[in-house]
Amino acid sequence: MKIGRFFWITCMSLTLGLTQASAGQTAGTSTPDIAKGQPWMNAALDPDRRADLVLHEMTLDEKIQMVHGTGWGVLRPGEPIAPGHNLGAGYTPGIPRLNLPGINLADSAVGIRMAAMQSRYATLLPSVTGLAASWDPSAAYLYGSVIGRELRAQGFNMSIGGGVDLIREPRNGRNFEYASEDPILAGTMVGQLALGVQSNHVMGDIKHYALNDQETGRNTLNAVLDLRAMRETDLLAFQIAIEMAHPAGVMCSYNRVNGDFSCENDYLLNKVLKHDWGFKGWVLSDWDGTHSTVKAALAGLDMEQPSGTYFGAPLKDAVQSGKVPATRLDDMVHRILRSMFATGVVDAPPLRSVVDPFRGRDDAQKIEEESIVLLQNKGGILPLSPGQAHSIAVIGAHADFGVLSGGGSAQVDAPGGTPGGSEWGKPVYFPSSPLRYIKEQAGSDAAITFDSGADPAKAARVAANAQVAIVFVQQWMTEGQDSATLSLPDNQDALVAAVAAANANTIVVLETGGPVSMPWSSQVKGILEAWYPGIGGAQALANVLFGRVNVSGKLPVTFPAHDSDLPHPHIAGLTEHTANNGMNAANSNQQEQPGNFTVDYNVEGMKVGYRWFQSKDTQPLFPFGFGLSYTNFSYSNLHADPNAKSVTFTLQNTGTRLGDEIAEVYVTLPNAAEEHFRKLVAWQRVSLAPGASKTVTIPLDPLYLSIYSTADDGWHRIAGKYGIEVGSSLSSLPLHESLNLGSQ
Ligand code: BGC
């Protein structure tokens, strides 16, 4: 009897312990395997062909085993753990006799989750929203490659990060895992991220498909949105990311969409994802997001996670009784197998090694340095000059210790532990101390004091004695709950107001999951949005505060002034009982979900985020695309290609510092499109020395100038006058031109 390599590894894992076992792993494809009658091990063959060859050899039981997980494992203490499980969020066993490895899935939205349990280390990257604020696709690729590199080193072969839900609801608890309110920015950045993951022979994933745009009631709510708006907004983000990255998996979400649960939604899975977008990978359910066997299987779900409640024995019965055609089961398995071959997890399985924390930190810092957004800089208070800021009061948000991270399944464990530990429902700080790096850069002569900010009056007294006050404020966000309001929690608005009243040189640094309101904005000189900054966050922040790095991020989301300006002033389904806007969420029960209710996204429809503010003519606190620099840029000479293939313009750095500008291109469609707002269609990040100028040409994707017609179920460019505008943000578009275009 042939004993496959993966069976051997599994046994060795159990005997030797996981960290030693993989020393025996070797590359998967070998001539003897091919010679022994396993032609699918021939890496020269096309992945679909390889999948067909091995599928042909599989028994019904083996096929069923491949389409579900082995249970909650480490996620629920006391649950059994299957042999071969790498102690991540999920596991589907392999088939050793066929040389097929198991699939070990790890949550890894902003870095790998649950490393501490095995004394492993994982890099905490900035939040995905922070990444999107860089508007830098190469930073997104780097971000994904850090995740892929570390997953591979830890023995995982699949990431289940890749959140690309639109930031439709700015108070959504998981926005820090998502990129933007704009579908093109979100799809592009997350697509690049998934490419970076897969570049390490680790399978990538895009989630949560679709319209999982709030956490309140996520297991039951029915998100309602008309098909055109859905295709042009939330689904467009998924389409871009999926077509760009060809991820192995797409995770369907917990909620219902237009009546059906996402994981048994024929329109979303069969029609849009698999038919229209030609997705070749597999659909896996969010954890316990499967609700049926036959309906889900026929609607396009390919794998149940984390268990086999519906896709274990019940699916076998359904196939045997003909309720689910055997060809449909084959299709599920084919999709899984072809993805394993295509990404290289069969030919180049994970190779265990020690994660390099320094390389991870440097990468995280580099990304954060591009992600910080300067929202206000009155009197040019920033950057601080080391010789001049003789005394600085650093206040609030545990800035003496570290930086905040987001909670839930995206939680990364902090090196050295953190006050509170990595318990679900508690904020985790990473030991990247802003105070330490501010001290380092301010120089040894400077007097730097710290105050916790717990008592605004005391903090104000400390601030009054310093030349400059830097107040750190924070908004902890987590999976399973939304923030009831845009306001900062825990009396921090009063803290900032008190400090600002005591010190005219007050700078606020925000560590938030997304947009927050700032009633004190006119009272302070400087405002920096640092998001959740990651393990290199403090160094990045100090570099920006003291001007070693020129700040360059721009908002990927609108910052509204008030909750009442939003399409949904209150979060649907959020009652007093479920609301929790404080840092200590221990009293809120994330499992508790209100009953069935509808979230009517037709209120805003395709007018998500900045489009809503334009159409209502409401001034946000800070507009989409906005961010200042320590230098200035000027725009001139716009030329749009008559067939709208590209736009060309001149960009000049008119200031005195080297800087990166994110040049943004917006389009207004002809009136007949009935979309009376500008939308982002392209951008480019350009680095310019002081005084230098550059002719910038940015290609335009015809899809982004098109509308989705439900009448004939397709995208069209309609004939008429198109407005093209270019500039530094939605609120500053100095260049414009119009084009008369025919239909396409
Ligand atoms: C989350 C997913 C996550 C899964 C496994 C679910 O609660 O919604 O994003 O991947 O758990 O941890």
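Start with helix α4, residues 47-55, and helix α14, residues 326-343, which pack at an angle of about 130 degrees with their axes 8 Å apart. Helices here are DSSP runs of H or I of at least four residues, strands are runs of E of at least two, and both are numbered from the N terminus. Axes are lines fitted to C-alpha atoms, for helices over the stretch in contact, and angles run from 0 to 180 degrees between N-to-C directions.

Before going on: this is a predicted model, where local features need pLDDT of at least 70 and side-chain atom pairs count only at pLDDT 80 or more, while totals for chains, interfaces and linings use all residues. Residues are numbered from 1 along each chain as its sequence is written, and side-chain values use heavy atoms, with hydrogens and water left out.

Back to the pair. α4 and α14 are therefore oblique to each other; under 35 degrees counts as roughly parallel, over 145 as roughly antiparallel, 65 to 115 as roughly perpendicular, and the rest as oblique. On the α4 side the contact residues include Arg-50, Val-54 and Leu-55, and on the α14 side they include Val-333, Leu-337 and Phe-341. Contact means heavy atoms within 4.5 Å. By class, this contact of α4 with α14 has eight nonpolar, one polar and five charged residues. Ala, Val, Leu, Ile, Met, Phe, Trp, Tyr, Cys and Pro count as nonpolar, Asp, Glu, Lys and Arg as charged, and the others, Gly among them, as polar.

The second pair is α7, residues 137-153, and α8, residues 183-198, with axes that come within 6 Å and cross at roughly 40 degrees. The residues of the contact of α7 with α8 divide into nine nonpolar, six polar and no charged.

Now the ligand. Which residues come nearest to the ligand? Of the 14 around it, they are Asp-107, Arg-174, His-208, Asp-286 and Glu-479; a residue is near if one of its heavy atoms lies within 4 Å. A polar side-chain atom of Asp-286 is 2.6 Å from a ligand oxygen atom. For Glu-479, a side-chain N or O atom is also 2.6 Å from an oxygen atom of the ligand. Tyr-254 has a polar side-chain atom 3.1 Å from a ligand oxygen.

Last, the backbone. Most residues other than glycine have a negative phi, and most peptide bonds are trans. The peptide bond from Gln-305 to Pro-306 is cis, and Pro-306 sits in the loop between α12 and α13. Leu-382 and Pro-383 are also joined by a cis bond. Leu-87, in the loop between α5 and β1, has a positive phi of about 65 degrees.

How values were computed. Polar contact = N/O pair within 3.5 Å; in protein donor to acceptor, adjacent residues only side chain to side chain.
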